[in-house]
Amino acid sequence: MHNQRRHPYVTIPPGASPLPNPTSPLQAYPYEFEHHAPSGDLLNPWDHTPTVRHPNGRPGELRSRSRTRSAYEPVPPTISFPEPELHRFASQRTTLHPHSPRHRPSKSDDGHGSLPPSRDYVDSASFTSVTPDSASSMHYLPEDDWEAPVNQLTRELSNVSLHSEEGLRRFQAGRLAEKDEEWHRLVPHEAQEALGKKEVERQSVLFELFKSERDYVEDLKLVTEVFIEPLKFANPPVIAPDKLRPFVLEVFWNLGQITVHHEHMLAALFERQLDQHPLVQSVTDIILETCFQFQSDYESYIKHYPLAEERHRTELSRNKSYQVFMQKCSQDPRVRKRDMITFLSRPVTRLPRLHLILEHIQKITEPGHPDLEDLPLLLSILSDFLKSTQPGIAAAENRVKYWNVCESLTMPKGEIIDLDWYNESRSLVYSGPVARRSKSEMDWHPWTDLFVALLDNYLLLTKEERGTGGILKRYISSRPIPLEYLRLGSFEGQPESRKERSEEGGILDNLRAQYKPIYPFTIYHSADKLTRRYTLYAPTESAREKWRDALVEAKGIDDVRRDANKWFAPQLVDDGSFRSPGAHTPRGFGSKASGRVANAVSFTAAGGKRLMAVGCATGIYVGSRGDINFRKILSYGNPSSIIVLQDFNKFIVHHESYLLAYSLDILARVAMYQAPASSLDASMEKIAGGDGTVLFCSAGRIKQRMIVVYALKSFFQITVHALEACNLSELRRTPSRGSQVTISSFRPFGEPLYVPKDAYSVTPLAKTVAITTEKGIVIADPTNTTRQMISVVPDFSGAASNTDMGDLKTRCEDAKPLGLIRAESGEILVVYDTLGCYITKHGVPSRKSGYIRWETKAMTFAHRGSHVLLFSSEFIEIRSLSTGRLDQVIEGSDIRLLVHTNLKSHSADDTLLVAMRGTKDDKDGVSDKIIELVQTAEFSSMQTPMGSTPVEGMWDEWDM
């Protein structure tokens, strides 16, 4: 319930009778108490003062009550009491009633209203500061109704409000002299003495809060008036029109929304000040209400501030027109020589400043004041909010540092390195200077200073140089190391001494040189442990510890993130069915072991049962997937290739110099003990061999037909043959000697192709075949004898006049070609064992003759969806086909790609089987583990994995 008393710290004696003077002005305004208020208790000293009830010092004028009553709320009856007894403030009295009830101001007490009158009106009036001399000349009403002390304090405060209201309005409008913008300049000395020293300090701090809030709002408005609006309407434009709006949004973010919040709060604060000056009870309720409203906007701004500052600095360093614009803005007198960064940081520093002011108010507030209940809540809210924004600020600052590092990097010429810069999750984990010993023995300065940046996906070793205009550039001194390949060596080495040159200079530098201790630590690349091992030196022991902690943490986070976001998930198919002799294998067991797995392929038997054929050192085994009991069906040890043509019921084996075909159905029945092994031999058909040696083979769809391509070596030449697989309805009987009739499952497709002697693999394309040789890849069309040989790709005919192409040519000549992959960008990726490069459909190198270096030396590769998979003995490197970005690394031992021929219409439908060293090593031998790489998809994506979709007419040149 609200207390409607008009004078502070007043106690009504018990049993008091009505006022004796009915003509007194006070009788028309008796003290109002609720019926249930305990008699004799000291009422809350912070209820409304006479200044609030009668700001003009005229008690005879009726003024609306501060609290609006509901029409349904009964008005309590009032009782008139005699003259009160005055109690001074706690700072000037020795006792205070122990049971003083407290009053918490409600929202209706806030006094929210409009802003102060216009400055023009305020400027038209003169103002004289209230001084002790001017206060002594004030005229007071007769003192026949109150005791002298009561009348003196009440009339002083009333007259202070009367005489200082004009100055207060000028202060709120910002037109008061700076030396007069203090609370004590607006209040007479006698009134200050009456309030007491501690209350004077409290009122001064409250006045400082009003002042700082006014200045803050003025600065926020100034940003719009001086910077934003002129920038938008500048003619000629300071920033390109298409970039202006994003720039304004990025730099000034939601500053306008914050301004609106504080304009409303300032209006409420100024009305409270006008209503209660010079004795302002509290502003906690106003700030608390606004605090709940602006938290989300402040959180967004504060977290974005480092990015806004960096965007402004970047534009300032690169745009001369923007520099001139900023200089012109600084000439505005309201700016007062402050730069843009100062204005942008105002919202960041405002809340901590407000928190300090409120803390000061809490410390000097008298016991029993309602603020002692409300202020801790407000301070707690502000403190928790500021703490919650710190991670966001740190993340934004880290983002700025990350961009600074990225923008300063200079990559090696010609090499395509996709660090995934533009991924929003990228961050800078740690960075700092280190030293490294020079490799040259003749170097007079044996140390090289490096700047090492640890990103969340790569470790960068750079060398810093200052360019023209003081621009810092960081040159990559060694290839970036992906965290998947990064390994940590020793961090416990003894410190070494580094010779530092004397700062004085001169001939005797070496004699005056100083020696400083430096602390070594070692890191290395797991795929190249010898040549890519780095011993770096930190300047201090603590710096070395920080590097170790940062590296361990970054690798741990990267491992977890990549494990949860695999592009290809390894699924175990078998581990233990196929063994090779090992250290624990007894003598004589070697003949019983299956031997090392060479290749494998999955297929579906009649009835839908999934089977798998595995080629090993001792023969070909067939069994159900997931079943440990595989049956040896064929005795072809270490077959070079196994191909299954499911739609044509053919099982093709390339063994030594022969290419043979068997019935797939009979093979499955024999494996499941449903048919004798002799029936499989009866279904055998020799495709090639006898008249030459089959070197290699492959299968794929050419011109919408299933084609088997193989290379045959005879005498001193190598020819490539293409055969089309036929359905049963297309089979024709071929007469042979002895009037016997045989049925051929394949028929020639085009004419034989003569290829170089160094050819070692073939890849079927959409309409042609790509034959891989030592000198390049030959594109040929078996069905077009007039132009069988199109070209050798890449086409380096322009290397003589193009330095970049010449460098690429040199690198490609030192590498081994593996094959081609069509990319979605309209290009072709030529895959070598150590690198890859993009070419156009005409075979000319694209992307400025750039190249991608693999982290490992690939033995073979596979294409699935939008990725290329590179296989080495210890790693499977999975990269983006369009950018070369490293997306995943699978580690193992003795890794082998078992099947990678695309036999179906969609490449993603093919099963990708891989063999590697298993986990079992016992008396039965060392196991080979077979895994299937299953392509994954995002949870939000319900579509099939993205594949390569050719554009009509794009591949007419190569018929791809």
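Mentor: β7 (472-482) and β35 (851-853) each supply at least two residues of the lining of the largest cavity, strands being DSSP runs of E, at least two residues long, numbered from the N terminus. This is a predicted model, in which local features need pLDDT of at least 70 and side-chain atom pairs pLDDT 80 or more, while totals for chains, interfaces and linings use all residues. Residues are numbered from 1 along each chain, and side-chain values use heavy atoms, without hydrogens and water.

Trainee: Which residues lie nearest the centre of the largest cavity?

Mentor: Rolling a probe the size of a water molecule over the atoms shows where empty space is left. On a 1 Å grid over the protein atoms alone, a cavity is a set of points where a 1.4 Å probe fits but cannot get out, and lining residues have an atom within 4 Å of a point. Here I417, Y458, R853, E855 and R879 lie nearest the centre, out of 14 lining residues, and the volume is about 110 Å³, meaning the space filled by probe spheres set on the points.

Trainee: Where does a charge sit over a ring?

Mentor: The rule asks for NZ of Lys or CZ of Arg within 6 Å of the ring centre and within 35 degrees of the ring normal. R533 lies over the face of Y524, at 4.5 Å from the ring centre, and K816 lies over that of Y760, at 4.8 Å.

Technical notes. 1 Å grid on protein atoms, 1.4 Å probe; cavity = no way out; pocket = protein on both sides within 12 Å on 5 of 7 lines; lining within 4 Å. Helix = DSSP H or I, 4+ residues; strand = E, 2+ residues; numbered from the N terminus.
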